[in-house]
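Open the model in your viewer and keep the selection panel at hand. The stops below go from the whole chain down to single side chains.

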Amino acid sequence: MQFHHHGYVTTDPRIQPAAGIGLDRPEDLPDEVDVLIVGAGPAGTLLSAQLSQYPTINARLIERRPGRLEFGQADGIQARSVETFQAFGFAERVIAEAFNQTAMNFWASDPDDPSRIIRTQRAPDDPDGFSEFPHLIINQARVIDYLAEAAAYGPGRIKPDFGYEFLDLKVVQGEEYPVRARVRHTAGENEGQERTILAKYVVGADGARSAVRDALGMRLEGKQAMHAWAVMDALTVTDFPDIRTKCQVQTPHGGVQLIPREGGYLYRMYVDLGEVTSEDRGAVRKTTVEAAIAKANQIMHPYTLDVRHVPWFSVYEVGHRLTQKFDDVPAAETGTRAPRVFIAGDACHTHSAKAGQGMNVSMQDTFNLGWKLGQVLTGLSPESLLDTYAVEREEVAQNLIDFDREWSEMLTKDPKEIPSDELAEFYVKTAQFPAGFRTHYKPSVITGEDTHQDLATGFPIGKRFHSAPVVRVADANPMELGHHARADGRWRIYAFADGATETSSVALRDWAEWLHHSPESPVVRHTPADGELDALFDVKVVFQGTHETVGIGGVPPLFLPRKGPWELIDYEKVHATDPEQDFFELRGIARSGCVVVVRPDMYVAHVLPLSARTELSDFFARSMSR
């Protein structure tokens, strides 16, 4: 964490100085806003945290509830989400609080005594080291708390406007604030009163029963799996030996999934209630917690679950549904006008909870959208950039639905149809998907072609930037290269040197001089006139040698930008390889050097040789208007 460059800081350095709208943020919801976010769940709150980094943007987050969420239905935090939390500055704190999941055990009926269950296999949670971060289990409400803190601590000082229910909207093209959103007070002295908010953009992150989606005339399409599950958080005394390890139990009586929760005592239990017929008419949803516990004990025999306390219980039917579009522009009209209304998260895709993807994919929806809204509203990019949100996230959602349908069907099959070892094999084989690492964006104005992919084989273009260890030259600190990145709306440009030191890296020096001073350089062309050198492009370098061999004084000034009113030198952009974990070998970086461009949402946008200057300029010119 860097601070003091604007003066000595004696308070919490996570609280950034207020700026722009954050200096005098109106207490009451104003009549006109740039972005109106509907729904203060994980997706909406993450979007507010991202937009809080743009202090000139007037963004407001409304929520029907009168206050903070206490119990959240989702609890699984995949490694990709933890990487995202690192960018928002709270990964270490949430890891310390959460349950860290490292394995999953599989249980099935004993072939010699089908009345009993036995452990059949143990599977690692991350068999191939996809991430340095763990898979976590924690109450969704706490995730929202951390994201809300990031939003409140950002320069824009965004806090939720509780007690507002979204009713409907109308888009009037050609006006400065083309979206007219009607809302109603649900709490306080104005309860029941309605008003209209004018917005440039509206984002519906208001859940599976989304009123924003309904206002657009859209609906979730798909089908129910005709299978029901009871789910509860429970405090239990049991003789089941794996109660603190995630487990899948499959028997002819049905299945149980056990997921340990944070705190060392609590766990979540999913209990298979069986097939639901078309004549059920919702009767299964009246299943009592006592009946669900009895069913679990039947499945878990000879072990017993003595449930002492259930803070949360629900019954749901598995459904796999998706909207046709994630914005208000019909597919046939895409590119002819800018989208003004977006939907994200459960508002546009619903599925089972078995793969733990709901909250995780929802947050990635708005992480994808947030920086794009930021660039458009600050004049950096044309409105056409917003077309990429629906294109990219609709494909991700469809892949999620397909995966979840397959996984859910496997969990409900009779063990005779799919033995537990096959279930475990599928879990390990597909581990990248539920971990959040199968997302692969196609070429577009913000994602390049793979012409030079061979220069950095460990950074596939369109996939998330996979960090690896380096050593910071200035202070000899070992660190993960990707951990210095923040969700601040900036692009990352990682330059991998063609030599071991600053003197032997000839191609790097020429490239750095061009990027720093040439009128054709994207840094010169697109950085705001009043911005610091790294205001838009955070440029870092990794040398092939060790930190002892690199002379910081001879490093090109591009990598040592001046910061703050006193123009202090930033020494944290110059790195060398870790002698025990050579970055170039770990990520397949060519010894001739290369450039890896990473989007603000941490996805690799391009890989280019150090000599490809025109290609780099042209790439950024495609999505930036100044």
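Domain bounds here come from an automatic or database domain assignment. This is a predicted model, in which local features need pLDDT of at least 70 and side-chain atom pairs count only at pLDDT 80 or more, while totals for chains, interfaces and linings use all residues. Residues are numbered from 1 along each chain as its sequence is written, and side-chain values use heavy atoms, with hydrogens and water left out.

**Domains**

Colour the chain by domain. The assignment gives domain 1 (20–70 + 140–221 + 321–405), domain 2 (99–135 + 224–319) and domain 3 (453–622). Between the C-alpha centres of domain 1 and domain 2 the distance is 33 Å.

**Helix α4**

Select residues 140–153, which make up helix α4. Helices (H or I, at least four residues) and strands (E, at least two) are DSSP runs, numbered from the N terminus. The expected span of a helix is 1.5 Å times one less than its number of residues. For the 14 residues of α4 that gives 20 Å, and the end C-alpha atoms are 20 Å apart, which agrees.

Is α4 mostly covered or mostly uncovered? It is mostly covered, with 10 of its 14 residues buried. Buried means under 20% relative accessible area, exposed over 50%, and partly exposed in between (1.4 Å probe, protein chains only). Among the buried residues of α4 are V143, I144, Y146 and L147. Show what they pack against: α1 (42–51), β3 (76–77), α2 (79–88), α3 (91–97) and α7 (358–377). Contact means heavy atoms within 4.5 Å.

**A three-stranded sheet**

Next, select β3, β7 and β4, an open antiparallel sheet with the strands in the order β3-β7-β4. β3 and β4 (99–101) are the edge strands with a single partner each, so one side of each has no neighbour in the sheet. Two strands pair if DSSP finds at least two bridges between them; β4 and β7 (residues 135–137) have three, in the antiparallel sense. Pick F99 to find one of them: its bridge partner in β7 is I137.

**Helix α7 and the cores**

Move to α7, a helix of 20 residues that reaches 29 Å from its first C-alpha to its last, close to the 28 Å expected. Of its 20 residues, 19 are buried. G379, which follows α7, has a positive phi near 80°.

A nonpolar core is a set of buried Ala, Val, Leu, Ile, Met, Phe, Trp, Tyr and Cys residues joined through side-chain atoms within 4.5 Å. The largest one has 104 residues, and L373, W491, W511 and F559 have the most contacts inside it. Which element gives the largest share of this core? That is α7, with seven residues. Domain 1 and domain 3 each supply at least three residues to this core.

Centre the view on L373. Leaving aside neighbours within four places in sequence, L373 touches V35, L47, L51, I57, Y201, V203, F342 and L386. Apart from this core lies another, of 23 residues, among them C247, L258, Y267 and I293.

**Salt bridges**

The structure holds 50 salt bridges, each a side-chain nitrogen of Lys or Arg within 4 Å of a carboxyl oxygen of Asp or Glu.

- R60 and D161: the N to O distance is 2.9 Å. R60 is in strand β2 (residues 59–63) and D161 in strand β8 (residues 160–162), 101 residues apart. R60 is buried at 1% relative accessible area, and D161 is buried at 7%.
- R182 and D168: the closest N and O atoms are 2.5 Å apart. R182 is in strand β10 (residues 179–185) and D168 in strand β9 (residues 164–171), so the pair ties together parts 14 residues apart in sequence. R182 is partly exposed at 29%, as is D168 at 28%.
- D233 and R261: the N to O distance is 2.9 Å. Both residues are buried.

Then select D488, R490, R492, D534, D538, K540, K563, D570 and K573, which salt bridges with shared partners join into one network.

**Backbone details**

Finish with the backbone. H301 and P302 are joined by a cis peptide bond, with omega about 15°; P302 lies in the loop between α6 (289–300) and β16 (305–322). M602, which is not a glycine, has a positive phi of about 75°. M602 sits in the loop between β26 (594–598) and β27 (604–608) and is buried, with a relative accessible area of 13%.
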